[in-house]
Amino acid sequence: MGRYLLRRLLQLVPVFIGTTFLIYWLVWSVPGDPFAGKCGDRGCPPNYRAMMTEKYHLDDSIWVQYASYMKNLFQGDFGITFGGREISDIIATSYPNTLKLAVVALAIEAVIGLGAGILTGLRRNGFLDNLVLVSTLFLIALPVFVIGFVLQWVLGVKWGIINPTVSNEMRFSELIVPGFVLGSASMAYIARVARTSIAENRRADYVRTAIAKGLPMRRVVGVHLLRNSLIPVVTLLGTDLGALMGGAIVTEGIFGINGIGRQVLRSIVTKESATVVGIVVVLVVVYLVMNLLVDLLYAALDPRIRYE
Amino acid sequence: MRVSKRASGALAVGAAFALVASGCSSGNNDGGDTGASKDGAIVIDGTQPENPLVPSNTTETGGGKIIDWVWSGLVEYPNNGGAPQNLLAESIDTSDSKVFKIKIKQNTKFHDGTTVKAESFVKAWNWAAYGPNGAQNASFFSDIQGFGDVYTEDPDGPDGPKKAPEPKAKEMSGLKVVDDWNFEVTLSAPTAVFPTKLGYSAFMPLPDAFFATTPAEFGKKPIGNGPVKLVAWQDDVEIKLTRFDDYSLRDKMKIKDVTVKIYQDDTAAYNDLLANNLDFQQQVPVSSLAGDKWKTDLGERAIQTTVPSTGIIAFPIYDKRFTNPKLRKAISLSIDRQAVTDKIFFGNRKPADSWANPLTPGAEPGNCTACKFDVAQAKQLLQEAGGFQGKLTLSYNADASHKEWMEAVAQQIKTNLGIDAVAVGVPTFAVFRANINNYKMTGMYRAGWQQDYPDVENWINPLYVTGGSSNDGKYSNPQVDALAKEASAAPSIEEAHKKFAEAVKLIDQDVPTIPIYFSGEQSGHSEKIKKLELTNVGELDITSVEL
């Protein structure tokens, strides 16, 4: 177990360097001069451009730029934006907001998705099963922004139950609707995967044995059936946290949440490689750690899986 | 000119929403919020300022409007778009439009309690003009004598290996402090419009505190001299402003607190406005304009205004195919502007019929004869010009909502003249501008102009004079140059306007660009606000707000 963990942690290093370079290179190769559009139809005065180019070493080659960026990064310096803001500040304020939103979304999709999946998996082809099938199909088919705008308009403007946008304090109660919107598609997938997985394992030998032993149904489902059926669901949930954080951009925009989505969009448009890479670096770490946690969870869920 | 930085990706999203929500009527809450104006507070929409708030380094609207509120200049532009009036200036005297004696009102205060003196202006202007400081608005000081000594150009452009030489001087020789309340400005050539320019944000005074710290530090919590002061700026969240109680000039605040809430998406702001969580939105989203939905939603709280900004399609005159004025005029005459503004903009923008925006002092309404819709004459001119060979591209930046109207214009040229015209989207504004700046356009392209200060001069010199700062198509007519020079140097503003009118007649013959529409603005306010006015550029005049 210890050796496995070490090996996995070491694997993170090349993945980390590879992804950061790829991102840096991608933003760097976005066509256009970062200062060409900055000052509107008049264009920036040459002295302003000269000063910024020198200050941000924009005339160096990408290798030199990337190397100096990584050097600063390892010293904990994320750099500053063209507007003079510390990128570490941007990360420190926007990440917790996105994380909060993603965790609420994850909780909602886990509870509702899993609940619906178990119920329908156990009683297939009933009314409830059909209802869940149709409603999940509906959620998967609808793009996130449609669900977001409709809920915002109906609940926020028409009925006045919620505020159309989330306040700066990011209270939990305000995040339920945005979290539902963000997690809606994944929730539908989780319900369907859980349903199939449970339905399949329902016919497995060990379940039949457990029932034949005379175990109470509660225990058969809760311990034997559920644990084994959870593996695909946990895989989905675990990788979803990263996906939710990276994909929150639309939801954040609709509900006015100050998260990483707006920062990434802004910095791609303004060609601020340092900000994009800074934010993505943290996202990459989230993905890698979540993947590792999921793999470790497999062992806990299924006794047949052992790591060496 | 200031450029709007609102995330443009929202547009497509907003349009989809309109489809879903159409048919639903307004859903206003009847909030009974009628606090007294005296201690009243409002929340208005805004965008995150791109840079620290330093007046001479701000060229976008998000930071620009905060600066307009936090600072008061020598002159102000009346909300009706008319000629400027003295604000902080007691008097601005000149006999030859070259030397200006400026006397300021005594004992007005900055927000830190220090006094606004003549040197607060002189030092601020010298800082902004000094090349190595890299201020975005440095070119506004180019009229002043000695500008060339403090601002040096990079000999081979910003991409070349050479750097701009160190300027000879740190201060412009044309600026002299006489005493605490008087200073003298000497220009390198007579410029009648100079006093008009003084209301633009680049010319604001700066307190001593600015020079004791870095611009970046100062700009996070700027100290101005306007009717409101900045309390706190939380990045991407909000900017809190409050009434400056020691303000002694005319336009005092009637309410107390103003919070500028920073939105990423204008539809989110609009929904907050409908739910009475937001008190003012300067521009409602495009999705709410279709079918006048915003008017149904807001009722009497909907405000329609015109703003001094014109949508233009420009020619790259450096391209041989576009050198013939007859061809340019033919294309211009073939466009039915009324149809474009009615069908694409739902009548919220007006068809352009003059070269300068008609709200501007010195501008003559209807002086663009090339802006008429006359297919017969257009065909005739095209024939005289020898036709147009090949494909005519009309490019626009696709990251903002220009596709529809550019395609409509291309279609009209195609139908009315038989030219193979096609609208082409360039992915981002940055790429689009880079091509324009480097004179690499191979067809017509979208442009726009919003005036910096209300005078017809601002619509001629930068756009149509050889070497003008935004004459991107390289239009050049020696007669226009001569007239514009004479006009700029005229002893009085009236004389200047007469000369500019003559220059415009020549421009109207040459058709260096095609004005298409005059912009409009559609704003909305909450039930809480009982009275408000918009400034000449369509920003909220916060001193006029009453609850």
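Helices here are DSSP runs of H or I with at least four residues, numbered from the N terminus. The model is predicted.

**Exercise 1.** Determine which helix holds Leu506(B) and whether Leu506(B) is buried, partly exposed or exposed.

*Solution.*
1. Leu506(B) lies in α17 of chain B, residues 493–510.
2. A residue is buried at 20 or more other C-beta atoms within 10 Å and exposed at 12 or fewer. Leu506(B) has 15 C-beta neighbours inside 10 Å, so Leu506(B) is partly exposed.
3. Leaving out residues up to four places away in sequence, Leu506(B) is in contact with Asn477(B), Gln479(B) and Val480(B).
4. Asn357(B) is 149 residues from Leu506(B) along the chain, and their C-alpha atoms are 17 Å apart.

**Exercise 2.** Work out how the buried residues of α12(B) are arranged around the axis and what they pack against.

*Solution.*
1. Helix α12 of chain B spans residues 375–384, with Ala378(B), Leu381(B) and Leu382(B) buried.
2. These three lie on the same side of α12(B), because they cover an arc of only 100° around the axis.
3. In general, an α-helix has 3.6 residues a turn, so residues three or four places apart point the same way.
4. The other side of α12(B) has Ala376(B) and Gln383(B), which are exposed.
5. The buried residues pack against α10 (325–333) and α13 (403–417) of chain B.
6. Just after α12(B) comes Gly386(B), with a positive phi of about 85°.

**Exercise 3.** Describe the contact between chains A and B from the side of chain B.

*Solution.*
1. Chain B contributes 57 residues and chain A 48 residues.
2. On chain B, α1 (10–21), α8 (266–274), α14 (429–437) and β16 (444–450) each supply at least two residues.
3. By class, the chain B side has 28 nonpolar, 18 polar and 11 charged residues.

Technical notes. Residues are numbered from 1 along each chain as its sequence is written. Chains are lettered from A and ligands numbered from 1 in the order in which they are written. This is a predicted model: local features need pLDDT of at least 70, side-chain atom pairs count only at pLDDT 80 or more; totals for chains, interfaces and linings use all residues. Two residues are in contact if their C-beta atoms, placed from the backbone, lie within 7 Å. Ala, Val, Leu, Ile, Met, Phe, Trp, Tyr, Cys and Pro count as nonpolar, Asp, Glu, Lys and Arg as charged, and the others, Gly among them, as polar. The arc is that of the directions from the helix axis to the C-beta atoms.
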